[in-house]
Amino acid sequence: MPDAPDLSLLLKRTFGYGTFRPLQREIIEATLAGQDVFALLPTGGGKSLCFQLPALARPGLTVVVSPLIALMKDQVDALQASGVAATFLNSTLGADESRARLRGLHRGEYKLLYAAPERLMLEGWVENLKAWNVTCLAIDEAHCVSEWGHDFRPEYRQLSKLRTALPDVPVMALTATATGRVRTDIITHLKLREPAMFVASFNRPNLTYRVIPKDEPLKQVIDFVRQREHESGIIYCASRATTERVAEALAGRGFLARPYHAGLTGDERAGNQEAFLRDDTRIICATIAFGMGINKPNVRWIIHHDLPKNVEGYYQETGRAGRDGLPGDCLLLFSAGDIAKQTHFLDEITNEQEQQVARTQLRQIVHYAESSGCRRTELLAYFGEKFPLDNCGACDNCLEPRDTYDGTIVAQKFLSCVYRIAQNSRFGVGMNHIIEVLTGADTEKVRRWGHDRLTTYGIGAEFSRPQWAAVGRELMRLGYLTVAEGEYATLELTPEGMAILKARTPITLTKPMNLPKAKRATRREGDIECDEILFERLRTLRRKLADERKVPAYIVFGDTTLRAMASYYPNTPDAMEGIPGMGEKKRAEFAEVFAAEIAAYLATSSRQAFK
């Protein structure tokens with residue numbers, strides 16, 4: 001195994017970075033020592049480097065299992081641009097090209113091979129792997145092995161056969177999101193042997209989280225995008241029809257926007273994705289079919305037009321912003337109507353256990369959306385991590401705390417209504433029925449069950465039904481109400497709820513979210529201050545060079561590298577030393593042309609001073 005300085009040198013020479021991200025060095029050293037490894041690094045945490053760098057530091061071939069064809073090509077293009085001998089084999093290649101790559105593998109020409117799990121299970125492939133001197137098996141997106149993960153793929157279960165076929169080859173499993181249950185599944189199903197465990201923080205300090213009430217969503221989206229005209233972003237929608245409608249509305253106003261969903265042909269999807277990766281289109285309006293493994297580092301914002309199904313999916317989708325460490329904005333449009341829509345879909349799930357899991361997940365994401373507490377604290381708590389600060393300074397609730405009010409009487413009305421119904425009927429009812437009793441609704445069920453004769457009937461006429469629903473959900477968040485186990489989502493008092501009902505304890509409630517005033521923070525976590533005019537010139541040059549090579553722009557350089565150039569003004573190739581992302585091959589290929597562009601700019605413009 002190379003000693004520590006050699007790893008740093010390899011990192012600098014090949015990828016142009018002077019330091020490792022958290023846990024990368026430890027993961028690399030463990031796999032080079034021959035250990036099995038389980039690595040959980042959040043999106044943007046540098047997972048790929050954990051198997052790419054060791055592949056260069058040891059003899060033989062590293063096989064990378066990847067579930068997505070687009071991601072394979074993407075990573076191989078980026079590695080080749082950095083001078084690394086990497087290839088992929090998948091269904092997009094013609095027979096001649098596949099044979100040529102197989103010949104190269106038999107001759108030992110490659111350090112990394114990317115392949116889908118199905119490919120590795122084909123007849124004769126175990127013999128191939130044995131012949132190619134495989135020295136590491138890296139399984140990316142390893143959560144796909146678990147039925148409890150958010151993207152289960154049965155073919156991933158077959159990978160355990162490789163453990164038997166290649167017993168001496170260390171296995172590395174990598175994922176960006178996994179609860180405790182999913183982690184156990186990964187280790188069990190992939191037959192990892194006493195793996196070295198690495199779990200990074202789920203915190204993404206460069207992301208800002210906001211939730212606003214959905215009100216004329218198309219206008220809200222357009223207003224948001226107008227403030228970010230030159231930035232790339234993704235708008236997640238619940239249905240295909242909405243993705244089409246939003247994309248058309250944006251395109252009609254001059255924005256570069258395209259849809260992405262399973263209803264498009266394979267060619268249309270691939271074309272729209274490629275256009276996004278190459279910055280030919282700035283905005284993708286997508287269902288959740290889009291995104292896993294999209295390695296575009298300069299996505300600056302994510303909008304959720306509709307309520308996501310669960311917190312894990314939401315975290316994964318927002319995590320596609322700011323992968324380069326520069327700031328990213330995440331906006332969720334939230335309405336009670338979305339809860340009703342999702343509940344309707346859940347009612348159609350026939351498997352009772354699946355339906356219960358989905359209901360729990362929906363309650364968790366609604367809890368997140370309505371919470372008045374720090375969004376970051378809520379997200380991290382979902383993954384079992386405690387955020388150490390009271391105020392993250394980068395979410396709506398921390399930047400602009402919502403007003404509170406004395407909700408004692410309101411809470412007493414709601415809790416006593418739940419109590420009276422349970423006492424009178426000996427069975428529980430759901431949120432909607434409680435609200436109907438509170439507001440004095442004249443329905444068949446209210447009359448049949450005699451709930452129009454309760455003392456709490458009609459005592460809540462001062463609030464609308466959505467307002468009472470928000471109160472009910474907040475009382476659940478505060479721990480005074482809970483959803484009973486069983487087929488129906490009935491509400492019941494917790495011991496704490498019963499105690500405050502009896503003692504008439506004062507309760508503070510949070511006022512509903514207001515629509516925010518249009519404004520944008522001037523300085524955000526992860527920002528690299530730079531000469532914005534020069535940055536745009538360098539982006540134009542990068543685009544020209546990328547188009548000539550038929551690759552996405554970030555394969556040439558990421559935004560972090562360009563912003564560093566636009567901050568330090570390196571106007572000679574030698575002055576490029578120390579610019580992040582400037583490895584030896586890229587320096588040889590691009591330093592001169594970028595230095596010349598900076599020198600030309602300085603001939604007519606003066607330098608600015610940045611901290």
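**A covered helix and its neighbours**

Reply: Among the elements that cover the buried residues of helix α13 are the strands β8 (207-213), β9 (232-236), β12 (299-304) and β13 (328-334), together with the helices α15 and α16 (375-382). The model is a predicted one. Helix α13 itself spans residues 311-318, and eight of its eight residues are buried. They are Val-311, Glu-312, Gly-313, Tyr-314, Tyr-315, Gln-316, Glu-317 and Thr-318.

One of the covering elements, α15, leads on to another helix. Helix α15 (residues 352-370) packs with helix α21 (residues 465-477), with their axes 10 Å apart and at an angle of about 100°. Angles of 65 to 115 degrees count as roughly perpendicular, so α15 and α21 are roughly perpendicular to each other. On the α15 side the contact is made by Arg-363, Val-366, His-367 and Glu-370, and on the α21 side by Ala-470, Arg-473, Met-476 and Arg-477. By type, the residues of this contact divide into four charged, three nonpolar and one polar.

A separate detail concerns a single residue. His-433 is found in helix α19 (residues 431-438). With a relative accessible area of 7%, His-433 is buried. Leaving aside residues up to four places away in sequence, His-433 touches Ile-421, Lys-445, Val-446, Trp-449 and His-451.

Methods
Residues numbered from 1 in each chain as written. Predicted model: local features only at pLDDT ≥ 70, side-chain atom pairs only at ≥ 80, totals over all residues. Heavy atoms only, no water. Axes fitted to C-alpha atoms, helices over the stretch in contact; angles between N-to-C directions. Helix = DSSP H or I, 4+ residues; strand = E, 2+ residues; numbered from the N terminus. Parallel < 35°, antiparallel > 145°, perpendicular 65-115°, else oblique. Contact = heavy atoms within 4.5 Å. Nonpolar A, V, L, I, M, F, W, Y, C, P; charged D, E, K, R; others polar. Buried < 20%, exposed > 50% of the residue type's maximum accessible area, 1.4 Å probe, protein only.
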